[in-house]
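User: I'm new to reading protein structures and would like a close look at the salt bridges here. Start with one pair, then walk me through the others and the parts around them.

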Amino acid sequence: RKMWEWLFICHALHERGLLAAGRRGLGFGVGREPLVALFARLGCHIVATDLDPLRAQAAGWTGTDQYSGEAAGLNEHGLCEEPDFSERVRYRPVDMNELPADLVGFDFTWSSCALEHLGTIEAGAAFVKNQMRAVKPGGAAVHTTEFNLSSDDATVDSGGTVLFRRRDIDGLLEDLGDAGYIVKGNFTPGETPAPRHVDVPPFSETHLR
């Protein structure tokens, strides 16, 4: 599933001409994802952020393969030449619930299934609205999240992972539109067998979307 998210983010930014030399990008909850190194290889200057080690440990992330805690773990696949990576990538601990005021002036921001881990649906929506302060005029923000396909009523609205309903996303898009942003949601579930596959333990090898 992560591969689909990463490709979606790349495509959305590419469509808008933002993956180019000299562009500035800000990634939230980056874990160990390869997008940081890929964007740096394309000439972008990136600030990669994630929880500080103590908070990440308390949240259970440090025991997984999804947390780096430093820039060195973000180029493990060698997607970017090391001198270029060191020059173009800066790592910074950031709590997505408490965004620093000095994170501004970026051409693009992104997160890959991170905002549903902020405690509540309301906190995830607040993050999306707050992080728009980091995007300069003409820029773009691309965020993926878990989506409840089963109900627009019953859901998981608090805890370690929450599930956004259609009405939650619609409300967020409306708020962003009222604030003057051009917004677009993608709710397409897909038409092929793989996107319609519901995986339960013991999990299959089907690549979930």
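Analyst: Let's start with aspartate 168 and arginine 165, whose side chains meet in a salt bridge at 2.9 Å, N to O. A salt bridge here is a side-chain nitrogen of Lys or Arg within 4 Å of a carboxyl oxygen of Asp or Glu. Aspartate 168 is buried, and arginine 165 is buried too. "Buried" means under 20% relative accessible area, "exposed" means over 50%, and "partly exposed" is in between, using a 1.4 Å probe and protein chains only.

A quick word on where this comes from: it's a predicted model, where local features need pLDDT of at least 70, side-chain atom pairs count only at pLDDT 80 or more, and totals for chains, interfaces and linings use all residues. Residues are numbered from 1 along each chain as its sequence is written, and side-chain values use heavy atoms, with hydrogens and water left out.

Searching the whole structure turns up 10 salt bridges. One of them joins arginine 92 to aspartate 102, with the closest N and O atoms 2.9 Å apart. Arginine 92 sits in strand β3 (residues 89-93) and aspartate 102 in the loop between β3 and β4 (106-112), so the pair ties together parts that are 10 residues apart in sequence. (Helices are DSSP runs of H or I with at least four residues, strands are runs of E with at least two, and both are numbered from the N terminus.) Arginine 92 counts as buried, because its relative accessibility is 18%.

That loop also holds aspartate 95, which is buried at 16% relative accessibility. Its side chain reaches the backbone nitrogen of asparagine 97 at 2.8 Å.

Next up is lysine 136, which forms a salt bridge with aspartate 107; the closest N and O atoms are 3.2 Å apart. Lysine 136 is in strand β6 (residues 135-144) and aspartate 107 is in strand β4, so this pair ties together parts that are 29 residues apart in sequence.

Serine 111 counts as buried, because its relative accessibility is 0%. Its side chain makes a polar contact with the side chain of histidine 143 at 2.7 Å. A polar contact is a pair of N or O atoms within 3.5 Å; within protein, one must be able to donate a hydrogen and the other to accept it, and residues adjacent in sequence count only if both atoms are side-chain atoms. Leaving out residues up to four places away in sequence, serine 111 touches Ile9, Phe28, Phe127, Val142, His143 and Thr144. Contact means heavy atoms within 4.5 Å.

Phe127 leads us to the nonpolar side of things. A nonpolar core is a set of buried Ala, Val, Leu, Ile, Met, Phe, Trp, Tyr and Cys residues joined through side-chain atoms within 4.5 Å. The largest one has 26 residues, and Leu26, Met96, Leu115 and Phe127 touch the most other members. Which elements give two or more residues to this core? They are β1 (24-28), α5 (121-131) and α6 (166-178). The largest share, five residues, comes from α5. Apart from this core lies another, of 25 residues, with Leu19, Cys80, Phe85 and Tyr91 among them.

Helix α5 has several buried residues, including Ile121, Ala125, Phe127 and Val128. The buried residues of α5 pack against β1, β4, β5 (119-120), β6 and α6.

Last, look at the strands beside β3. β2 (residues 45-50) and β3 pair in the parallel sense over five bridges, and two strands count as paired if DSSP finds at least two bridges between them. Alanine 48 stands opposite tyrosine 91 in β3. On β2's other partner, β1, the pairing is also parallel, over four bridges, and arginine 24 has histidine 45 in β2 as its bridge partner.
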